[in-house]
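Hello,

Here is the structure for you to look over. My notes follow below it.

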Amino acid sequence: MDLKNKRVLVVGLGKSGLSAAMFLRGQGSRVTVSDARSAMALAKEIPALLEAGIMVESGGHGLLTFRRQDLIVVSPGVPMDTPEVKQVVAFGLPVIGELELASRYLKGQVVAITGSNGKTTTTTLVGKIFKDSGLPTQVGGNIGLPVIDLVAQSTAETVNVLEVSSFQLETVEEFHPRIAVILNITPDHLDRHGSFERYVAAKERIFERQGAKDALVLNGDDRVVQLSAARAKSEVFWFSGTKAVRRGAFVRDGVIVWVEKEGGVTEPVMPVSEVPLKGAHNIENVLAAVCVARLEKVSVESIRASVASFTAVEHRLELVRKLNGVEFYNDSKATNVDATMKAVASFAKGIHLVLGGKDKDSDYSLMAPMLKERVKAVYTIGSAAEKIERQLHGVVKMVAAETMQVAVAEAAKAAVAGDVVLLSPACSSFDQFENYEHRGRVFRQLVNELN
């Protein structure tokens with residue numbers, strides 16, 4: 001892909017957009033960036049961009065700016081139905097995302113992991129297993145480094161382990177992972193995708209370019225994911241925490257096992273009791289990682305040692321502290337209803353649950369049976385609070401906390417020894433926080449200030 005002297009517009013100056021713009025400039029492109037935020041909001045980014053010879057359009061998108069380009073690169077946070085993007089697509093101008101751009105330059109093979117929940121944990125674990133085994137490994141994508149930042153260090157021997165989101169997959173064309181993983185698909189980002197069907201279709205683009213020599217790892221316990229197998233051209237492997245599978249990883253008599261082919265030898269990998277992560281959903285994440293690792297010929301012994309020494313990912317059921325017999329958990333990355341239900345299921349009872357943030361067109365009533373059984377009180381925060389309170393009215397005690405500070409203080413006051421205070425918001429963070437990491441850090445700080 002020769003981009004020298006080509007006019008390229010990068011839309012959206014998030015982390016991946018900024019990296020894409022700098023990369024393109026390094027390729028000799030004539031780069032412009034366009035962001036809806038004001039010049040003041042972009043004060044940190046603009047000087048470096050101008051110094052690199054990149055033109056900056058801020059405070060909105062100009063249609064003429066879009067139409068004067070040879071290529072448009074859209075950041076994941078920019079919807080494809082943005083009016084200017086829709087118009088240039090209609091004009092026939094090429095529009096791709098940062099993931100697609102990076103994939104055309106990235107050397108080595110790609111392991112791509114998606115799903116509504118568990119992506120970060122599974123991607124991090126797979127990366128650790130590969131690195132521990134001695135494989136030259138890079139980890140990035142929707143976690144840590146943008147994919148474009150992995151290009152410079154990639155070689156033909158590199159295994160690139162990528163967390164990919166539905167937003168990134170919307171704009172792929174030639175993206176071709178050697179191993180693709182779909183952990184689960186439950187309603188999420190419906191405010192962006194418009195319908196569950198469109199969300200599923202975006203997720204399935206992860207295996208769109210795969211062929212017979214590639215591998216697709218699917219969740220045998222997820223009914224929506226099961227249907228994806230019929231549309232795959234690649235070899236399908238399964239993981240399941242509840243039943244045996246023909247090819248893949250599953251649990252038998254309390255032991256995680258692997259079978260490479262139907263009727264083949266079943267290899268014991270490790271006892272479930274050695275998995276250091278809480279919750280049945282994390283067993284699924286480990287099973288998916290085992291599939292990927294064995295497909296890459298990592299030894300069972302090496303996998304077992306890596307999993308046993310793995311610690312919880314930051315902001316994912318992360319134990320912050322224990323105070324007066326009460327455990328405080330940061331699960332800020334739970335940005336949808338299904339993720340929160342999985343977190344709640346990790347504790348038997350006595351939960352004080354902090355819920356809320358920016359709504360994503362979610363149905364919070366789905367949580368009612370589980371909350372009634374395990375949760376003592378819900379503390380609502382953010383702009384989704386009123387909807388949550390309305391949909392869960394009468395199910396569980398509700399405390400309208402409004403802010404994280406009040407929620408933590410009220411939950412800590414009400415909790416007794418043996419209880420759990422759990423931040424697992426089921427919402428995005430953008431009403432009160434920069435991102436879920438910022439939300440998790442604030443929760444941690446407030447918890448650590450308790451006495």
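In what order do the six strands of the open sheet run? The order is β15-β16-β20-β17-β18-β19, and the pairing is mixed. Strands pair if DSSP finds at least two bridges between them. Helices (H or I, at least four residues) and strands (E, at least two) are DSSP runs, numbered from the N terminus.

First, the ground rules. This is a predicted model: local features need pLDDT of at least 70, side-chain atom pairs count only at pLDDT 80 or more, and totals for chains, interfaces and linings use all residues. Residues are numbered from 1 along each chain as its sequence is written, and side-chain values use heavy atoms, with hydrogens and water left out.

Axes are lines fitted to C-alpha atoms, for helices over the stretch in contact; angles run from 0 to 180 degrees between N-to-C directions.

β17 (residues 351-356) pairs with β20 (residues 420-423) in the parallel sense, over four bridges. L353 sits opposite L422 in β20.

Two helices to check. α13 (residues 337-344) packs on the sheet and touches β17, β18 (375-381) and β20. Contact means heavy atoms within 4.5 Å. The direction of α13 makes about 170° with that of β17. α17 (residues 436-448) lies across β15, β16 (326-330), β17 and β20. α17 runs at about 15° to β15.

Best wishes
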